[in-house]
Amino acid sequence: MRRFCFFILFFIATAGFAAAQDVPHEVTPDLAAEKGCLSCHEGIEKFTTGAMMETIEAIGPDYGDPAGCVVCHGGNAQGLTAEQAHEGTHPELADAGGPHMFYPDPGAVWIADKSCGQCHDGYAERLIKSLMNTEAGKLQGNLWSWGVIDTHRSVYGNYDLVDEDGYVPTVGTEAYAEYITAYAEAHPDQLPSSMEQVPDVDVDEISEHPNLAGITYSRQQCQRCHVGVTGREKRGDFRGAGCSSCHVPYSNDGFYEGGDPTIAKDQPGKLMTHQMQATRKSKVKHGDLEYSGIPNETCSSCHNRGKRIGVSYQGIMEFPYGSPYDPQGQKQPKLHTKNYVFVKDDLHHQVQSRPGNPEGGMLCQDCHTTVDMHGDGNLPGTTLAQVEIECEDCHGTVSKFPWELPLGYGEEFQLELADNPRGLTEDLTAEQYMAEVYEPEDGYLLTARGNPFGNVVKKDDKVILHSASGLDFEVPVLKQISLDGTWKSPNAEVAMNRVGQHMESMECYACHADWAPQCYGCHITVDYSEGKTDVDWINNANAREENGLTADAPLGTNGLTGPGKVSETRSYLRWEEPVLGINGEGRVSPLMPGCQVITTVIDKDGNTVAHNETWMTPDAGGTKGLDHAAVQPHTAGREARSCESCHNNPKALGYGISGGRFMNGYEDGFVVDLETADGTIIPNRTQLQSQPVPSLDHDLSRIVTEDGQQLVTVGSHWPLTGPLPQEMREKMERTGLCMGCHQNMTNEDLWSRVNSPGFVDNEEHQEVMNQAVQALAKEKSE
């Protein structure tokens with residue numbers, strides 16, 4: 001079977017056939033012999049087209065199914081009832097490494113080695129170990145903020161897993177294997193050899209150790225997005241499991257819009273169409289529309305919490321209001337259980353014309369590689385450990401083309417790199433030949449870790465990116481812009497070409513991220529009283545049937561529950577000018593609020609054992625677990641943030657919005673009622689308007705004091721993460737710079753000699769400053 005390269009016919013309905021329509025006719029032995037599965041499913045869409053589908057249909061008759069459905073689904077194509085058809089499998093198919101029984105969802109990761117893996121050998125194992133399945137980084141960060149763990153090591157995942165074959169990856173080039181092996185040996189905490197399933201909560205321990213409620217919070221609220229389970233049954237969250245999570249299209253409303261008469265069209269939770277979305281060569285035909293590639297919204301079905309990179313890339317951010325109203329006076333429909341406002345989408349996403357480029361945006365998969373998505377066979381414990389790409393891989397720097405950069409550029413971890421150009425390649429890795437293969441032209445560009453971008457090539461003096469959507473883009477290359485002198489503004493040339501330290505020490509998105517979602521304060525109540533329970537995604541994930549489905553798969557139920565009931569809210573939201581700090585790779589990066597947990601815990605007996613508590617972390621010798629996490633916001637803009645937004649902005653430096661002057665007084669709470677002039681409350685009967693948070697004596701946007709005291713934890717995965725160092729902040733800060741000149745305005749004699757009599761606009765003002773610098777330089781040289 002492995003000699004046939006096909007993916008195929010993933011599944012007919014996500015939760016088996018519980019909500020299927022009745023078959024409109026009787027299935028006879030003659031009809032089953034003629035049509036196999038199509039005896040009932042006549043009208044269902046072919047999963048794909050071309051040689052792949054032709055191969056499937058050629059193999060199918062060997063197993064009693066002309067359409068080939070059983071090749072991936074298993075089952076008995078000669079069955080005369082649904083029960084008969086959906087049990088067992090053809091013995092020769094099982095012997096050949098195919099399905100061993102009927103698989104409602106052949107993409108489910110736990111059986112994918114027998115379905116998708118018949119041709120895509122090793123993908124299932126890679127995916128099982130990847131962050132898409134373990135969510136190890138999310139668990140480590142959350143439990144760090146709750147004070148449950150005190151190590152950078154990724155201890156827990158959604159499953160008990162062991163990387164038995166060591167650090168050498170199962171895919172990639174020799175250069176990649178050498179690079180990632182050395183990387184893993186240097187960072188064993190972030191690429192562990194094993195991880196444990198996150199434990200259950202012992203409810204009897206909560207009274208004495210209320211921070212263990214953080215485990216309940218993770219299990220119920222945070223772990224639902226991994227590919228081992230199906231999506232939550234909410235608008236925008238419907239999806240398949242495993243391979244089907246990405247490769248089978250689901251609309252946000254979750255209705256089937258295809259032609260299979262057995263699939264209900266009025267129940268949400270169904271695939272939109274029984275077709276595969278993948279690379280450029282896999283065309284999805286839906287009505288009059290044809291598309292290729294994986295739409296960004298498929299990614300956003302998971303990437304809408306935490307760092308929120310999916311929805312941010314689309315330009316939207318959650319907000320509480322739900323405005324504007326629709327024609328019936330109703331608020332907007334909830335998406336991922338939230339309301340959204342449009343801020344500004346990432347320039348790579350924007351559907352608009354660009355000089356020399358077609359009309360349309362890029363897909364997530366156009367940048368992110370197969371290693372980024374499926375893993376490489378190792379056990380990464382954090383995003384930086386799995387993602388192999390950097391901005392400079394395509395754009396280069398002002399002094400070097402991408403192929404002139406050494407491997408590792410952009411993730412130096414503050415170490416010197418050997419100046420060995422990475423070059424180009426004309427070869428792809430074995431798994432890349434399974435996808436659309438583009439002409440290499442002058443060569444494929446390489447990632448920071450040495451694997452080829454199969455869709456990005458050098459052609460003469462240009463870099464071309466081939467999108468899975470079918471569009472082709474010319475990539476702006478910084479060195480070429482510098483050589484040609486085609487800077488869009490003087491600011492761009494100064495920031496990137498004249499101030500070398502920017503390129504050497506900063507992530508590109510430290511300046512080019514237009515915004516970042518900032519959800520300040522994660523107020524959480526975990527209530528164990530009166531036997532309260534809620535959906536437990538770890539229980540679901542580890543309660544699997546032999547057919548690969550997990551306990552949450554049946555529609556109309558979210559599966560198994562666990563003790564405790566979580567509710568959460570926030571303090572306030574912002575989006576503009578994120579705080580800057582140091583990321584795990586040692587570069588300046590935007591920060592955003594991570595797990596800023598402020599916790600109330602009620603034990604099984606109804607006692608409040610923690611009230612608005614924050615937990616301590618070992619960061620910087622002991623700080624509050626109100627995390628600020630380094631982030632690539634995926635909100636890039638052509639026009640970078642202004643110089644002033646960093647150098648003249650206390651928030652960017654880490655001192656808080658407006659230097660932390662506002663949003664104080666959390667530790668006291670407050671009462672609002674009739675009061676005397678000295679603040680004494682007059683009524684005897686009153687109540688707190690806002691409850692105190694005893695340990696919070698500063699604004700949540702403030703992470704460090706001007707004299708260098710770190711107030712909250714900054715990152716949890718890497719030793720290098722933290723606020724901007726004291727020396728860097730002092731070099732950067734130019735707050736109050738205007739006073740350097742304008743303090744002299746009261747000296748009329750001096751001011752009359754340097755001031756113009758009329759109004760001076762911004763450009764003229766800059767020229768005055770330039771002249772002053774030039775004059776000072778001349779004076780010092782004489």
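## A buried glutamate and its partner

E318 counts as buried, at 5% relative accessibility (buried means under 20% relative accessible area, exposed over 50%, and partly exposed in between, using a 1.4 Å probe and protein chains only). R570, with a relative accessible area of 29%, is partly exposed. The side chains of E318 and R570 come together in a salt bridge at 2.5 Å, N to O (that is, a side-chain nitrogen of Lys or Arg within 4 Å of a carboxyl oxygen of Asp or Glu). This pair ties together distant parts of the chain: E318 sits in strand 6 (residues 316-319) and R570 in strand 15 (residues 565-576), 252 residues apart. Strands (E, at least two residues) are DSSP runs, numbered from the N terminus.

## What you're looking at

This is a predicted model, where local features need pLDDT of at least 70, side-chain atom pairs count only at pLDDT 80 or more, and totals for chains, interfaces and linings use all residues. Residues are numbered from 1 along each chain as its sequence is written, and side-chain values use heavy atoms, with hydrogens and water left out.

Which residue does D534 meet in a salt bridge? That's K565, at 3.2 Å, N to O. Here too, distant parts of the chain are linked, with D534 in strand 13 (residues 533-535) and K565 in strand 15, 31 residues apart. D534 is buried at 18% relative accessibility, while K565 is partly exposed at 37%.

E576 and R574 also pair up through their side chains, in a salt bridge of 2.6 Å, N to O. R574 is partly exposed, at 31% relative accessibility.

## The wider picture

Searching the whole structure turns up 33 salt bridges. Some share partners, joining E125, K129 and D163 into one network.

Technical notes: Helix = DSSP H or I, 4+ residues; strand = E, 2+ residues; numbered from the N terminus.
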